[in-house]
Amino acid sequence: MFIGRGAELRKLQEFKKRKSAGIVVVSGRRRVGKSTLVEHFASGIRFLEFYGLAPREGLTSQDQLDHFGELLGLAFQLPRMKFDNWNHALDTLAGLTAQGEVIIFFDEISWMAGSDKDFVGKLKGVWDTKFKKNPQLILILCGSVTSWIEDNILNDKGFMGRVSLTMTLEEMPLFDANKFWEKHLVSSREKFKVLCVTGGIPRYLEEIQPEQTAEQNIKRLCFSKGGILVNEFDKIFRDIFMARADDYKEIVSVLANGNCELGDLCDKLGVKPTGGLTRKLQVLAQSGFIARDYVWEKSKKKPKLSKFRLKDNYLRFYLKYIDPKKHLIEQGLYEDLFLEDLPEWDTIVGFQFENLVLNNLSAIQHLLQISSSSVLSAAPYFQNKTKRTEACQVDLLIQCRYAIYVCEIKFGQKISPEVIDEVSEKIRKLGLSKGLSIRPVLIYQGELSSKIVQANFFTHLIPFEQFLQM
């Protein structure tokens, strides 16, 4: 079952109308649905898929070539083909696809390239001399190692001007994720619990059994021996980051406890702010695991302050709840737990809820009826204590030309009227210009106190279920 990705499909369909050959690059986090999107787009068209072998000890470039030759033979109902270099392999494929409408899909291209540093140059050469001569040919390059694609394809001088469409798949918006429960009467609260663990990652949502409760689904996926999300973390980091996986795990482990400025992050890691750390943070961001949120500057200059945020809900849930008890899970001793009994449950779910909201900014813009052209910035906000300002933190601050939306994101069984005083105090500390309209917004999951509605303080009250029903 294919769900969502309407905007991405429209881009691909529009691209297909061109009258010359073209290269498309698709990147994004593992399990986000890149391959499924491409396969759905190619339905009804001659489609040739080639994928690289996942990294393992002892894997060689010749192994990748042999695998490619086997797939090529199967695609054309020929005996396994034997190649000793990528020029020969790619040239053979180009010869077999010289005419007619065809989509060639190289999945996990960084794995395919393996240890051959000249792979990209060879691909570029065969594209220029063979592939592009078929005006009905589309070559799609795809991979989870987004940093490799950035360095070797998008920013490589050899490929400059040759890539016609670039797409980075983010996790699925909540209104599309909601469709995985289609035809089942499941409460928004139950969906909320599941989405706090999975985020909008399609591969994880495919494992949901709608007839089961949220607790049953989470226990099966996360706390049962062999559950798909029990070993997923190690698999992701090994496949993407390989020998440096531990370095990246250490960074996300720190961010699982809360957002950090660069200096604070360095202190917690016990390292100096070198180019090496900056590069690792860039790679994690490109891979879809973390985000760098820049704060709004009243002076309207380019913002300088920022914090790094672990935006991937599964990673935080794993680090907080699965990893510490993994040995017990593997013994089958953790299947009868009650989720609410997990340590700091409300605090962690609060982080998860905040991520769900921040990863769906376009939905908030729609719900607040803000035009895209009027938005100047939209991100979590913080200001440090100085002689002139008090310390302050806002879950989400949206700056428009003539208005500031101060958004509070709350999770709880009961949302109490105290939230009004909390937001009022934050607005005071912000010291906003009198020339701007201030619009307090409450985005919440839980039962809302009637006193909040009666107070008429918030210009917008947005319950979680509205994100699911757009």
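So, let's start with the sheet whose strands run β2-β3-β4-β1-β5: an open sheet of five strands, with parallel pairing. When I say two strands pair, I mean that DSSP finds at least two bridges between them. The helix and strand names are DSSP runs numbered from the N terminus, with helices being H or I of at least four residues and strands being E of at least two. At the edges of this sheet sit β2 (47-51) and β5 (163-169), and each of them pairs on one side only. On average, neighbouring strands here are turned by 15° against each other, ignoring direction.

Before I go on: this is a predicted model, so local features need pLDDT of at least 70 and side-chain atom pairs count only at pLDDT 80 or more, while totals for chains, interfaces and linings use all residues. Residues are numbered from 1 along each chain as its sequence is written, and side-chain values use heavy atoms, with hydrogens and water left out.

Okay, back to that sheet. Strand β3 (residues 102-107) and strand β4 (residues 137-143) pair in the parallel sense over five bridges. If you want a spot to look at, find Val102, which stands opposite Leu137 in β4. Helix α7 (residues 146-154) packs on the sheet, where it touches β1 (22-28), β4 and β5. Its direction makes about 155° with that of β1. Contact, by the way, means heavy atoms within 4.5 Å. As for angles, they run from 0 to 180 degrees between N-to-C directions, and axes are lines fitted to C-alpha atoms, for helices over the stretch in contact.

Now the other sheet. What is the order of its strands? They go β8-β9-β10-β11-β12, five strands in an open sheet, and the pairing is mixed. Its edge strands are β8 (375-383) and β12 (460-463), each pairing on one side only. The twist averages 25° from one strand to the next. Strand β11 (residues 437-448) pairs with β12 in the parallel sense over four bridges, and in β12 the bridge partner of Val441 is His460.

Two helices to point out here. α18 lies across β8, β9 (392-400), β10 (403-415) and β11, at about 140° to β10. Helix α20 (residues 418-430) lies across β8, β9, β10 and β11 too, running at about 155° to β10.

Stay with α18 (residues 345-358) for a second, and look at helix α16 (residues 313-322): they pack at an angle of about 165°, with their axes 10 Å apart. The two are therefore roughly antiparallel to each other, a label for angles over 145 degrees. Who meets whom? From α16 there are Asn313, Arg316, Phe317, Lys320 and Tyr321, and across from them in α18 are Trp345, Ile348, Phe351, Gln352, Asn355 and Leu356. That contact divides into six nonpolar, three polar and two charged residues.

Last stop, β7 (residues 306-310). Buried or exposed? Five of its five residues are buried, so the strand is largely enclosed by the rest of the structure. Buried means under 20% relative accessible area, with a 1.4 Å probe and protein chains only. Both faces are covered, with Ser306, Phe308 and Leu310 on one side and Lys307 and Arg309 on the other. Strand β6 (residues 290-294) pairs with β7 in the antiparallel sense over five bridges, and Ala291 has Arg309 as its bridge partner in β7.

Key. Parallel < 35°, antiparallel > 145°, perpendicular 65-115°, else oblique. Nonpolar A, V, L, I, M, F, W, Y, C, P; charged D, E, K, R; others polar. Buried < 20%, exposed > 50% of the residue type's maximum accessible area, 1.4 Å probe, protein only.
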